Amino acid sequence: MRKPSVLIVFLTVFIDLIGFGIVVPLVPLYSRSFGAQGFIIGVIIASFSAMQFIFAPIWGRLSDRLGRRPILLVSTAGAAASYALFGIASGLQNHVAALVLMVVSRMFAGLCGGNITVAQAYIADITPPAERSRRMGLIGMAFGLGFIFGPFIGGISLQHLGITGPGWVASGLCALNFVLALFILTESREPGSAHAPERPHLDQWKHTLSQPKIGLLVVVFFLATFCFSCFESTLPLIVGDNFGLDMTSNRAAGSTVAYLFVYCGLIGAFVQGGFTGRLVKKMGEAKLIALSLVLTGISLALLPFIKGAGHLSFKILFQHEGRPWDYLLLTLALLSIGSSLTRPPLFGLLSNLTSAHEQGATIGVAQGAGSLARILGPIYATTILHFFAPLPYLTCTAILLITTILVIRGLCREPSPVIPGSAANLAK
């Protein structure tokens with residue numbers, strides 16, 4: 001039953017991320033159409049990550065006590081309900097009520113978004129240590145594919161079903177996901193496994209961060225996610241300014257940025273799904289994490305200084321005036337490779353260092369740190385972008401290079417042992 005369970009967990013994350021990808025690009029557009037301005041739009045966007053930050057460790061601890069399957073089922077059903085609320089909010093004529101319900105729907109979606117934590121703990125339960133980073137790569141691949149297909153499906157549903165269509169399509173996909181998991185997903189946690197000690201939320205953070213290598217990995221994940229969220233939130237602005245594109249009124253210009261995100265997502269999914277396992281075997285988790293941070297940092301330093309003119313097209317890539325687009329695509333490819341190589345070995349190493357009865361809680365803290373980074377990163381990047389456009393990219397490069405030094409000093413000098421009694425040990 002374990003191989004089908006891995007597939008179902010992959011599909012659970014994939015379908016969940018499709019729903020996320022359908023709705024997220026539309027949130028700022030819908031918010032503005034209902035009269036919201038910059039700060040309020042930021043609050044609506046940040047509400048998802050804020051709730052995920054609070055509840056990801058809670059879901060992890062509950063899965064350690066009650067099992068992975070029931071938590072995955074509850075959170076998936078909740079995600080379907082949250083997108084239904086988004087669909088209802090999208091069609092309201094009262095703009096104040098629409099904005100309030102939209103905030104509620106995004107908060108509820110963030111609360112249920114902690115099921116990613118449980119999915120990773122599920123993978124850790126059923127995977128031996130030698131295969132863990134590769135299978136964590138499948139979760140990363142699901143992320144990438146979800147962000148590729150989600151906006152595409154959202155655009156089609158908006159075009160053919162109207163303004164409320166994307167929310168209802170996302171809700172329907174999550175409902176299908178719930179039914180699929182209900183009938184096929186089996187429990188991964190052994191009935192006789194020891195329960196994690198119950199700790200308040202902050203105490204769990206203190207406990208996790210107090211373990212040197214585990215704490216370092218959580219900090220690395222926070223900083224890497226912070227830098228990548230800075231990139232995600234400012235790429236449309238940088239490309240628009242550096243290539244003279246009007247992103248607000250020109251459909252072709254807006255499509256250009258969408259194509260760039262799809263391009264990055266495809267490369268990331270390909271790398272995480274095909275190369276992570278082999279690179280881990282060759283280099284080890286710690287060295288691969290360090291390499292990924294260096295590649296991401298270099299590409300971020302180059303990105304804001306690439307300038308050109310004209311719209312992106314396949315034809316222009318082979319012409320002299322299209323050379324800046326070539327440089328941009330190469331830089332984005334390097335960034336996508338670097339960023340996609342961070343998550344799988346990091347969570348694989350994190351799970352190997354964690355005892356079996358605390359897999360969910362530890363991964364939950366790490367996911368919570370990532371959610372906090374996704375709250376702070378966009379706020380930081382969009383604020384200082386106004387003063388000097390390259391500044392958020394250059395500061396992120398400095399952060400990543402310093403983080404690389406921390407990884408080399410704290411993780412690369414000696415092999416990381418598998419904790420006795422851990423899920424890795426039990427899976428042998």
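1. Basis. Residues are numbered from 1 along each chain as its sequence is written, and side-chain values use heavy atoms, with hydrogens and water left out. The model is predicted: local features need pLDDT of at least 70, side-chain atom pairs count only at pLDDT 80 or more, and totals for chains, interfaces and linings use all residues.

2. The cavity. There is one cavity of 30 Å³ or more. A cavity is a set of points, on a 1 Å grid over the protein atoms alone, where a 1.4 Å probe fits but cannot get out. The volume of the largest cavity is about 30 Å³, volume being the space filled by probe spheres set on the points, which are joined across faces, edges and corners.

3. Its lining. Lining residues have an atom within 4 Å of a point; here they are Cys227, Cys230, Phe231, Thr234, Leu300, Pro392, Tyr393 and Cys396. Helix H10 (212-242) and helix H17 (391-410) each give two or more residues, and H10 gives the most, with four. Helices are DSSP runs (H or I, at least four residues), numbered from the N terminus. Seven of the lining residues are nonpolar, one is polar and none is charged. In this scheme Ala, Val, Leu, Ile, Met, Phe, Trp, Tyr, Cys and Pro are nonpolar, Asp, Glu, Lys and Arg are charged, and the others, Gly among them, are polar.

4. Thr397. This residue is in helix H17. Thr397 is buried, at 10% relative accessible area (buried means under 20%, with a 1.4 Å probe and protein chains only). Beyond residues up to four places away in sequence, Thr397 touches Gly297, Leu300 and Ala301 (contact means heavy atoms within 4.5 Å). A polar atom of the Thr397 side chain lies 3.2 Å from the backbone nitrogen of Ala301. Ile298 is 99 residues from Thr397 along the chain, yet their C-alpha atoms are separated by 6.7 Å.

5. Ser90. Helix H4 (residues 68-90) contains Ser90, which is buried with a relative accessible area of 2%. A polar atom of its side chain lies 2.7 Å from the backbone oxygen of Phe86. Leaving aside neighbours within four places in sequence, Ser90 is in contact with Tyr30, Phe34, Ile163 and Thr164.

6. Helix H5. At 1.5 Å a residue, the 18 residues of H5 (residues 95-112) should span 26 Å, and the end C-alpha atoms are 26 Å apart, which agrees. At the N-terminal end, Asn94 caps H5, with a side-chain oxygen 3.0 Å from the backbone nitrogen of Val96. Buried residues of H5 include Ala98, Leu101, Ser105 and Arg106.

Conventions. On a 1 Å grid over the protein atoms alone, a cavity is a set of points where a 1.4 Å probe fits but cannot get out, and a pocket is an open set with protein on both sides within 12 Å along at least five of seven lines; lining residues have an atom within 4 Å of a point. Buried means under 20% relative accessible area, exposed over 50%, partly exposed in between (1.4 Å probe, protein chains only). A polar contact is a pair of N or O atoms within 3.5 Å; within protein, one must be able to donate a hydrogen and the other to accept it, and residues adjacent in sequence count only if both atoms are side-chain atoms. The expected span of a helix is 1.5 Å times one less than its number of residues.
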